[in-house]
Amino acid sequence: MRVLFLKDVPGVALGGDVKEVKNGYARNYLIPYNIAVLANDESMKQVEKIKVESEKERIALMEDLKAVFESIKDLTVNIPMLSSQTGKLYGSVGHDIISGAIKESKNIEIEDRYIKLSESIKEHGVYNIRVEISEEMSTLIKVIVHDPEQNPEDLLLSLNAEAEQESAEEAPEAEQESTEEENKN
């Protein structure tokens with residue numbers, strides 16, 4: 001079925017495009033929700049007008065997204081989650097929880113699709129999560145998943161202390177190996 005798109009549909013068409021789509025998709029979704037109309041002689045007269053309006057909407061949307069992007073750059077989000085004795089979370093932290101935490105801290109709504117999370121977070125810790133609004137607008141936010149009774153800064157300090165201790169333990173081993181090599185020569 002040929003339809004004229006009145007609005008942008010990500011990954012399908014832009015407003016003003018005429019495309020062939022499956023009958024069920026057009027009848028059950030596009031036409032009832034006023035996203036598209038049948039492509040007939042009457043509707044084809046409006047193509048240029050629809051394209052201009054859609055372009056204006058896209059520009060306005062990009063301006064809004066740029067403002068959102070600027071406000072979340074270098075953002076740190078705290079997410080309190082209960083865990084078992086082994087450190088595994090009861091549940092997991094996914095796109096929806098991260099976007100909810102951003103909304104709570106900055107009062108900014110970010111669609112889940114912009115949060116690039118390869119898999120759900122299942123342990124306490126500090127995670128760098130990519131928020132990618134477009135190819136040009138991409139940033140990392142710091143997500144701190146901590147126990148509700150624990151201060152997030154305490155978690156950061158303990159993780160930094162562990163990292164310093166590990167690097168201090170690795171340094172003597174490297175020195176010992178280099179000393180052994182010198183003794184062989």
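Biologist: How many helices and strands are in the protein?

Modeller: There are five helices and nine strands. Helices (H or I, at least four residues) and strands (E, at least two) are DSSP runs, numbered from the N terminus. This is a predicted model: local features need pLDDT of at least 70, side-chain atom pairs count only at pLDDT 80 or more, and totals for chains, interfaces and linings use all residues. Residues are numbered from 1 along each chain as its sequence is written, and side-chain values use heavy atoms, with hydrogens and water left out.

Biologist: In what order do the elements run?

Modeller: From the N terminus on, the order is β-β-α-β-α-α-β-β-α-β-β-β-β-α.

Biologist: Which strands form an open sheet?

Modeller: Strands of a sheet pair through backbone hydrogen bonds, either parallel or antiparallel. Two strands pair if DSSP finds at least two bridges between them. Here three strands form an open sheet, in the order β2-β1-β3, with antiparallel pairing. The edge strands, β2 (18-20) and β3 (36-38), each pair on one side only.

Biologist: How many bridges join strand β1 to β2?

Modeller: Three bridges join β1 (residues 2-5) to β2. Leu4 has Val18 as its bridge partner in β2.

Biologist: Is Ser54 buried or exposed?

Modeller: Buried means under 20% relative accessible area, exposed over 50%, partly exposed in between (1.4 Å probe, protein chains only). Ser54 has a relative accessible area of 2%, so Ser54 is buried. Ser54 is found in helix α3 (residues 47-72). Of the 185 residues of the protein, 28% count as buried.

Biologist: Which residues does Ser54 touch?

Modeller: Contact means heavy atoms within 4.5 Å. Leaving out residues up to four places away in sequence, Ser54 touches Leu6, Asp8, Gly15 and Gly16.
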